[in-house]
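This report goes through charged pairs, nonpolar cores and a sheet. Please keep the sequence and the 3D view open while reading.

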Amino acid sequence: MIEASATPDQILKTLGITEPSDIDIDAIAYACGAFITRETLSGCEANIIGVDDRAVITVNSRSLESRQRFSAGHELGHWMRDRGQSAFGCSDRQMHSEWTANNPETRANRFASDLLLPVSMFAPLARGKPVTTETVVTLATAFNMSRTATAMRLVEHGSFPAIIAYFESGQKNWSISKRKEVPAYLKLPEIPAPQTVTATMFEEATLSEDSDDIRADHWFTADRSEKYYIRESCFRTGPDSVVTLLWWKDEQQIIDLNEAEERRAERRSDGDWER
Amino acid sequence: MGDKPLNGAERLEKVIDGLGEYITSAPDQELLDAAREDERDVAQTSTRVKGILKRAVRTQQQVQLIAAREGFRREAAAMAQKSFELPKTKEARRGLFMAAIAQLPQLQPAFTLQNRDFKDFSDEDIEVQLRKMALLDVLSKVQFSEEE
């Protein structure tokens, strides 16, 4: 049996998995001492009960297959990371909303993502692809994975500067950017401006997805943002929740902001020198 | 002298070893010429052999994955056949479930999000959870009498 301390990468390597079609979550969990069953669950996506070195994971059979896979990976994350706490019950909301806090749910989400969307397989397929819902759907299909988890991977390991945000009831719940490329001071507001696609998604409950080129100042307060456009793509994850992708298809704003920041830093260091 | 005579499998192994050694040491051109003399399509043969080798390497790398797939299938089939000794009435099954939760509080987090006081748990929900507990041999630790 694979040891509890094994990382998702180590698990995949041990099992010789090198292609998305081989990521068989039932077999992987079994190799880790957890047995996956599918049952009708009310009010939660999945749960796990573990005793000693054996666990049973139940996932909601009424959910989409991709969601079931992610839920199973999430519960397996609890089993591999939080062993000793013998039971967890996890809602759909937790699997969408817990991505940035330092808690067992975030760790379980990260584990599931690393296991089911491994960077070694994901990055080559995402290379050069636009950061849009269409790309998310294509990659999610290749990995049989949920759109939210895939979108996050695309932002973190795709080729272009982008931000992903999750909104609930019209308010930002979390956001993640491609850290190396998007300046840290480009922060999203808590409530999207009315001109954004995200705001429209909350106004029009029947819209399942939408996208448009949006003036950057509708999202960011950085200097001269009104001169630039970003691609905004949104998809709904629930009646009152939306995932938003912001992609600098034209990277000029990022380049100009970085240059301005460099100039400011130079001036600061010149001032320090003169003093 | 004194060597045991080889059986069929050992003789074949020897022939294959010898052949492998010859192929490894023979110049590339000699092999290509031999293949052409036999009117073989070298590119096609190369693709076929590469495919065979790739599949063999992959099967070898995935020994544990294949075993896990088989193990999962076996256990799933066994579970479908397995009958658990659960209380006969739905009231007693609910009673056993509540006793398990009360006596093994470490199990509670798995259910708290579903229904905080378990009132909305259907009999089916209860049965599913009891079967899981039975599978993990948790129920044997629970003190419960159907008459209670």
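## Burial and the model

A residue is called buried when its relative accessible area is under 20%, exposed when it is over 50%, and partly exposed in between. A:D26 has a relative accessibility of 14%, so this residue counts as buried. The model discussed here is predicted.

## A salt bridge within chain A

A:D26 has a charged partner: it forms a salt bridge with A:R38, and the closest N and O atoms are 3.0 Å apart. The two residues come from distant parts of the chain, twelve residues apart. A:R38 sits in strand β1 (residues 34-39) of chain A, while A:D26 sits in helix α2 of chain A.

In general, side chains of opposite charge can pair when their charged atoms come close. Another case is the salt bridge between the side chains of A:R268 and A:E261, with an N to O distance of 3.7 Å. A:R268 is partly exposed, with a relative accessible area of 49%. A:E261 is partly exposed as well, at 28%.

## A salt bridge between chains

How many salt bridges does the structure hold over all chains? The count is 20. One of them is formed by the side chains of A:D22 and B:R69, at 3.9 Å from N to O. A:D22 belongs to the loop between α1 (8-14) and α2 (25-31) of chain A, and B:R69 belongs to helix α4 (residues 63-81) of chain B, so this pair joins two chains.

Are A:D22 and B:R69 buried or exposed? A:D22 is buried, with a relative accessible area of 7%. B:R69 is buried too, at 19%, which places this arginine under the 20% cut-off. The pair is also part of a network: salt bridges with shared partners join A:E19, A:D22, A:D24, B:R58 and B:R69.

## Nonpolar cores

In soluble globular proteins, nonpolar side chains tend to be buried together. The largest nonpolar core in this model has 54 residues. Which of them touch the most other members? They are A:I11, A:I28, A:L76, A:M80, A:L115 and A:I164.

With neighbours within four places in sequence left aside, A:I28 is in contact with A:I11, A:L12, A:L15, A:I17, A:I23, A:L76 and A:L115. Another core lies apart from the largest one and has 23 residues, including B:L96, B:L107, B:F121 and B:I126.

## A sheet in chain A

Five strands of chain A make an open sheet with antiparallel pairing, in the order β6-β5-β9-β8-β7. The strands at the edges are β6 (171-177) and β7 (209-215), each of which pairs on one side only. From one strand to the next, the twist averages 20°.

The antiparallel strands β5(A) and β6(A) are joined by six bridges. Across this pairing, A:I163 stands opposite A:S177 in β6(A). Strand β5 (residues 162-168) of chain A also holds A:E168. This glutamate is buried, with a relative accessible area of 17%. The side chain of A:E168 makes a polar contact with the side chain of A:Y166, at 3.2 Å.

Terms used. Residues numbered from 1 in each chain as written. Chains lettered and ligands numbered in written order. Predicted model: local features only at pLDDT ≥ 70, side-chain atom pairs only at ≥ 80, totals over all residues. Heavy atoms only, no water. Salt bridge = Lys/Arg side-chain N within 4 Å of Asp/Glu carboxyl O. Helix = DSSP H or I, 4+ residues; strand = E, 2+ residues; numbered from the N terminus. Buried < 20%, exposed > 50% of the residue type's maximum accessible area, 1.4 Å probe, protein only. Core = buried A, V, L, I, M, F, W, Y, C linked by side-chain atoms within 4.5 Å. Contact = heavy atoms within 4.5 Å. Polar contact = N/O pair within 3.5 Å; in protein donor to acceptor, adjacent residues only side chain to side chain. Pairing = 2+ DSSP bridges. Axes fitted to C-alpha atoms, helices over the stretch in contact; angles between N-to-C directions.
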